[in-house]
Amino acid sequence: MTFTLQVLICTTLSRLSAVQSVLLPPLTDVSYLVSCQGVPDSTAFVPPFSRPDVTFFTMPEFGLSRNRNAALLHSSADFLLLCDDDERLCKQTVLGIVSDFLAHPEWDIIQYQFSGGGKRYPSTYVSSVELALSRLVARSVCFDERFGLGSPYLACGEEDVFVADARRRGFAFGYIPRVVCTVANAGTGSAFLANPRVQRSKGAVFCLTRGAVYAYCKCFREALGWMLRRGVNPIPLLRNMFWGIRYVRS
């Protein structure tokens with residue numbers, strides 16, 4: 001029996017041309033699905049790539065989590081790899097994803113690694129571009145659309161909530177320390193001190209993944225740590241992280 005992999009690339013109409021650099025040369029049993037936010041003005045619009053292994057669709061809604069959910073909904077392969085439009089995929093790791101799932105039938109989600117962006121491993125948080133999923137996960141779990149780029153209040157953390165939701169539903173999570181892609185920029189979460197929306201996200205993620213009591217205690221420790229290490233005023237950090245906790249509990 002042959003199993004297939006589909007790479008789910010989330011992008012916007014303004015960045016659609018970047019997708020061409022994400023695509024690897026055609027590979028057996030590997031296909032791509034491009035989920036593009038924004039509707040072209042012209043009915044004669046043609047995407048800047050034409051390959052039989054690439055499926056393309058547009059959606060009018062905005063927000064990264066909505067985009068990922070649309071891609072999961074339209075996906076069709078046995079296994080799926082989440083991808084952004086600023087990545088460069090590692091061919092050997094992509095070719096090995098199906099074999100990794102077959103070698104670990106107890107796993108439903110596999111976390112890999114990415115290079116670039118400054119993330120160090122082992123890490124306490126996951127990134128969407130590291131995640132490969134079984135089709136059953138894609139049909140059972142969705143991204144919380146309150147989180148992620150384009151959402152009104154919470155800038156990041158959608159992948160941590162997604163994995164926590166999957167685990168609560170009984171899906172198993174595995175880790176393979178192999179680089180699956182290179183990214184051009186650090187993730188949104190790296191802007192914690194400068195971005196109140198990231199601070200809100202941290203409190204909200206703590207709450208949804210570990211519970212409210214843990215979240216309040218963890219936020220105190222987080223703010224105290226920044227004060228001791230960098231002399232940062234902890235009050236605004238606490239205010240924003242607590243706001244995130246209340247937001248997801250309301």
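A contact is counted here when heavy atoms lie within 4.5 Å. On that basis, residues 24 or more positions apart account for 71% of the contacts in the chain with a separation of 6 or more. The structure is a predicted model, in which local features need pLDDT of at least 70 and side-chain atom pairs count only at pLDDT 80 or more, while totals for chains, interfaces and linings use all residues. Residues are numbered from 1 along each chain as its sequence is written, and side-chain values use heavy atoms, with hydrogens and water left out.

The chain holds seven helices and eight strands, taken as DSSP runs of at least four residues (H or I) and at least two (E), respectively, and numbered from the N terminus. Its radius of gyration, taken over C-alpha atoms, is close to the value from the globule rule (2.2 Å times the number of residues to the power 0.38), so the chain is as compact as a globular protein of that length.

| Quantity | Value |
|---|---|
| Radius of gyration of the chain | 19 Å |
| Span of the C-alpha trace along its principal axes | about 55 × 45 × 30 Å |

Of the 250 residues, 50% count as buried, meaning under 20% relative accessible area with a 1.4 Å probe and protein chains only. One of the buried residues is Ala212, with a relative accessible area of 18%. Ala212 lies in helix H6, which covers residues 212-230, and, when residues up to four places away in sequence are not counted, Ala212 touches Cys207 and Arg249. Ala212 and Val248, 36 residues apart in sequence, have their C-alpha atoms 9.9 Å apart in space.
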